[in-house]
Amino acid sequence: MSVGAGTIWRVQTMSIESARRTALAAQGFADSRPAGEVNRRHLQRALGRTKLLQLDSVNVAVRAHYMPVYSRLGAYPADLVDDAAWSHRTRRPRLLVEYWAHEASLIPVEDWPLLRWRMREYGGAWRRKFRTLLERAPQLVDDVLAAVKDLGPIGAGALERELGGGQKQGTGPWWNRTDTKHACELLFAMGELTTGARRGFERLYDLPERVLPADVLAADPEDDVAIRGLVERSAQALGVGTESDLRDYYRLSPAQSKQAVAELVEDGVLEPVTVRGWRQPAYRHAEARVPRKVTGRALLCPFDPLIWERSRTERLFGFRYRIEIYVPEPKRQYGYYVFPFLLDGRLVARVDLKADRTAGVLRVPGAFAEPGADLASVVPELAGALGDMASWLGLGGVAVGERGDLATALRTTTRGDG
């Protein structure tokens, strides 16, 4: 039993298998995929599971924010996420807005007020360093805001040129080019600017009042209420997790998270549980479901919310995963941009992927099985998943390289030329 403030909880024990199925269901991997074309309603369902999509500049295979939707729904129209987040081509309400959530992320528009406390902290963490501009170059910050008001949506490079970055213009200020970009980042972190659109992956800044609905702009919940809301969303997205797991989803502080978890337990939103093999206590969302089994396959990008907290991935799946982008090539174990492969509820393999658009193929420099994986089932399923992904990316086929214990069998199955 666990004793809370006036409440006695009987702590249930979960097996690691039950915890894994709970987590997969919470993330949408127990949902059936759409039978026909994926549409905006399906996207909303997937976002209801993940709560956010992490943004990242790496584009070796596919941008990070597109892949989690594909992993859960299958092939979908290329502009579905773009229209939901940035496009002015449709009159339908915008579904997503950018802000610092887990990291740089797309979040539901209605969740933007839950991060106002972070905006008052200049975006948190290392982004606070930009606030020195408020003291060192307050006029620049004002000038950037005024320019965006007149010209937005506009990129940082265009703002530099507009404000005379790096060169004198008459008697006006001589702003450092980097300072102009930092001013944009500062105003974005403060919630004074947001992303109105993107050109390629370049952020085009605009005023929030031209992007967000009036009721969203007007909402400003108390900090503790907002943080409790974020932790509840973390629990919905994770199904079951430790306090540190819940904290990591929106990158909260330990003090913020622990208070919110205690309050949500007291309110019956979270249920304390013990997961066999986990050292830390865990919490299950009261509405989390535990399917009897999880079937299907999915390739997961390195920034998929199912696996982005590496210690949790290891606890749930026995899968040790590290991104090796910044590891010198001779020292990489698996490759530059490696996708874990989920099959019937387990992570059974990993593949290094690169979209070679010049050659029109999805390259697989390396393919590796996990210990104990049934290769007779893994190889054809992985080959099928790679072929499906290549087709979705508009590539003509799959070319498997030489590295890894799956490479030979996978190359034969895909009929790639290596």
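The model is predicted, so local features need pLDDT of at least 70 and side-chain atom pairs count only at pLDDT 80 or more, while totals for chains, interfaces and linings use all residues. Residues are numbered from 1 along each chain as its sequence is written, and side-chain values use heavy atoms, with hydrogens and water left out.

**Domains**

- The chain is divided into domain 1 (12-93 + 218-285), domain 2 (114-164 + 176-212) and domain 3 (322-416); such bounds come from an automatic or database domain assignment.
- Between the C-alpha centres of domain 2 and domain 3 there are 39 Å.

- Helix H1 covers residues 16-26; helices here are DSSP runs (H or I, at least four residues), numbered from the N terminus.
- H1 is largely enclosed by the rest of the structure, because 9 of its 11 residues are buried. Buried means under 20% relative accessible area, exposed means over 50%, and partly exposed is in between (1.4 Å probe, protein chains only).
- Among the buried residues of H1 are Ile16, Ser18, Arg20 and Thr22.
- Just after H1, Gly28 has a positive phi of about 95°.
- H1 packs with helix H14 (residues 310-317) at an angle of about 125°, and their axes are 9 Å apart. Axes are lines fitted to C-alpha atoms, for helices over the stretch in contact, and angles run from 0 to 180 degrees between N-to-C directions.
- That angle makes H1 oblique to H14. Angles under 35 degrees count as roughly parallel, over 145 as roughly antiparallel, 65 to 115 as roughly perpendicular and the rest as oblique.
- Ile16, Ala19, Arg20, Ala23 and Leu24 of H1 meet Arg312, Arg315, Leu316 and Phe317 of H14; contact means heavy atoms within 4.5 Å.
- This contact of H1 with H14 has 6 nonpolar, no polar and 3 charged residues. Ala, Val, Leu, Ile, Met, Phe, Trp, Tyr, Cys and Pro count as nonpolar, Asp, Glu, Lys and Arg as charged, and the others, Gly among them, as polar.

- On the H11 side, Asp224, Ile227, Arg228, Val231 and Glu232 take part, and the residues they meet in H13 include Gln256, Ala260 and Leu264.
- The contact of H11 with H13 divides into 5 nonpolar, 3 polar and 4 charged residues.
- Helix H15 (residues 375-392) packs with helix H16 (residues 407-414) at about 60°, their axes 9 Å apart, and the two are therefore oblique.
- Val379, Pro380, Leu382, Ala383 and Leu386 of H15 make the contact with Ala409, Leu410, Thr413 and Thr414 of H16.
- By class, the contact of H15 with H16 has 7 nonpolar, 2 polar and no charged residues.

- Val144 sits in helix H7 (residues 138-151), and counts as buried because its relative accessibility is 0%.
- Leaving out residues up to four places away in sequence, Val144 touches Leu159, Leu163, Thr180, Ala183, Cys184, Leu187 and Leu193.
- Val144 and Leu106 are 38 residues apart along the chain, and 23 Å separate their C-alpha atoms.
- Asp248 belongs to helix H12 (residues 243-249) and, at 16% relative accessibility, counts as buried.
- Apart from neighbours within four places in sequence, Asp248 is in contact with His102, Trp308 and Glu309.
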